[in-house]
Amino acid sequence: EPFALLQYTMDVNSRRITNHQVFVSFRGEELWCGFVSHLVEALQRHGINVFIDKLESVGQDLSNLFARIEESTIALVIFSRRYTESRWCLDELVKIKERAAQGLLKVIPIFFKVEPVTVKQLRGAFGDKFRDREWEYRCDKPRTGRWKEALASVSCKTGLTFDRKTNESTFVRIIVKEVEKMLQPQGKFAVLPFSGGGQDQMDISRDSVFVHQNSYIANQIVLVSNTYMDIEYQNSVLRAQLVALRDRLQSLNSVIKMSEGVMADVFLFTANTGLC
């Protein structure tokens, strides 16, 4: 029966997806109590295993997180304002970047209320918190160097952006849709017609396309912004040098005026005393 075949296919796909695990890297209790908890519930409802820090037993060695990453098929890296204040998140990111470079892990960066350019160029509070950690571990340059490389590498991947105008429930559905798409074996399944819920699925796909287009445009903006930032940096260096030269000139003028005053006093003194 067609319906039985469809049901069997859905059951097989469900079992296949359940064998995979999604690792979610994020920072912040407030993020867990809101967005992340909704995302985890939605993924689990679709038969997808999820691992996050909160599921780790209290008191257990956090190095087990790296083993969990190795067990995972996909990593969702949720870049938020507080992400770089955690050395554990940064160490997780290094492991995620290494696995992705080896082709063993697929990564979806999610920019949660931060702009992709903020992450890529370490701007604002996001960058300040990273520099705090960099200073804290200033004696371990290789480690901080790996953090910076991982941030640059992962943030440059095609991702999804959540801003204040985004509907959270729609955004969660988009993420679930992207995860399911990544978990499907490429070229080994057919799309079966199914009545009901079609408009909702079309809306999600359309939103997903828009998000990817926005991400592409954002990447192009970053390229232009990087060039602009380089020019601005050179200008700032020249301005700083100009200010330094101006200060030195003013100091020199002050010394010259002081010397002229001293010489005038000496000349007047010698003239009055008849020493000339």
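Predicted model: local features only at pLDDT ≥ 70, side-chain atom pairs only at ≥ 80, totals over all residues.
Residues are numbered from 1 along each chain as its sequence is written, and side-chain values use heavy atoms, without hydrogens or water.

**View 1. The protein has nine helices and five strands.** Helices (H or I, at least four residues) and strands (E, at least two) are DSSP runs, numbered from the N terminus. Along the sequence, the order is α-β-α-β-α-β-α-β-α-α-α-β-α-α. The protein has 276 residues, and 35% of them count as buried. Buried is under 20% relative accessible area, exposed is over 50%, and partly exposed lies in between (1.4 Å probe, protein chains only). Take the contacts (heavy atoms within 4.5 Å) between residues at least 6 apart in sequence: 81% of them join residues at least 24 apart.

**View 2. The largest nonpolar core has 28 residues.** Such a core is a set of buried Ala, Val, Leu, Ile, Met, Phe, Trp, Tyr and Cys residues joined through side-chain atoms within 4.5 Å. V24, F35, L76, I78, I175 and V179 have the most contacts inside the largest core. Two or more residues of this core come from each of β1 (21-25), α2 (29-45), β3 (74-79), β4 (106-112), β5 (160-162) and α8 (168-183). Now pick out V24. Neighbours within four places in sequence aside, V24 touches V36, V50, F51, I52, L76 and I78. A second core of 27 residues is separate, and includes F79, V94, Y137 and V154.

**View 3. Helix α3 (residues 64-71) packs with helix α4 (residues 87-101).** Their axes come within 10 Å and cross at roughly 30 degrees. α3 is therefore roughly parallel to α4. Angles under 35 degrees count as roughly parallel, over 145 as roughly antiparallel, 65 to 115 as roughly perpendicular, and the rest as oblique. Axes are lines fitted to C-alpha atoms, for helices over the stretch in contact; angles run from 0 to 180 degrees between N-to-C directions. The crossing of α3 with α4 is right-handed. A crossing is right-handed if the near helix is turned clockwise from the far one by less than a right angle, left-handed if anticlockwise. L65, F66, I69 and E70 of α3 meet D91, E92, K95, I96 and R99 of α4. By class, this contact of α3 with α4 has four nonpolar, no polar and five charged residues. Ala, Val, Leu, Ile, Met, Phe, Trp, Tyr, Cys and Pro count as nonpolar; Asp, Glu, Lys and Arg as charged; the others, Gly among them, as polar.

**View 4. α4 and α7 pack at an angle of about 65 degrees.** Their axes are 8 Å apart. The crossing is left-handed. From α4 come R87, L90, D91, L93, V94 and K97. From α7 come R143, R146, W147, E149, A150, L151, S153 and V154. The residues of this contact divide into seven nonpolar, one polar and six charged.

**View 5. Helix α6 (residues 124-136) packs with helix α7 (residues 141-155).** The angle is about 155 degrees, and the axes are 10 Å apart. The two helices are therefore roughly antiparallel. α6 passes α7 in a right-handed crossing. F126, F130, R133 and E134 of α6 meet T144, W147, K148 and L151 of α7. By class, the contact of α6 with α7 has four nonpolar, one polar and three charged residues.

**View 6. G145 lies in helix α7.** E134 is 11 residues away along the chain, and the C-alpha atoms of G145 and E134 are separated by 8.8 Å.

**View 7. K113 and L122 have positive phi angles.** K113 is partly exposed, with a relative accessible area of 46%. L122 counts as buried, at 15% relative accessibility.
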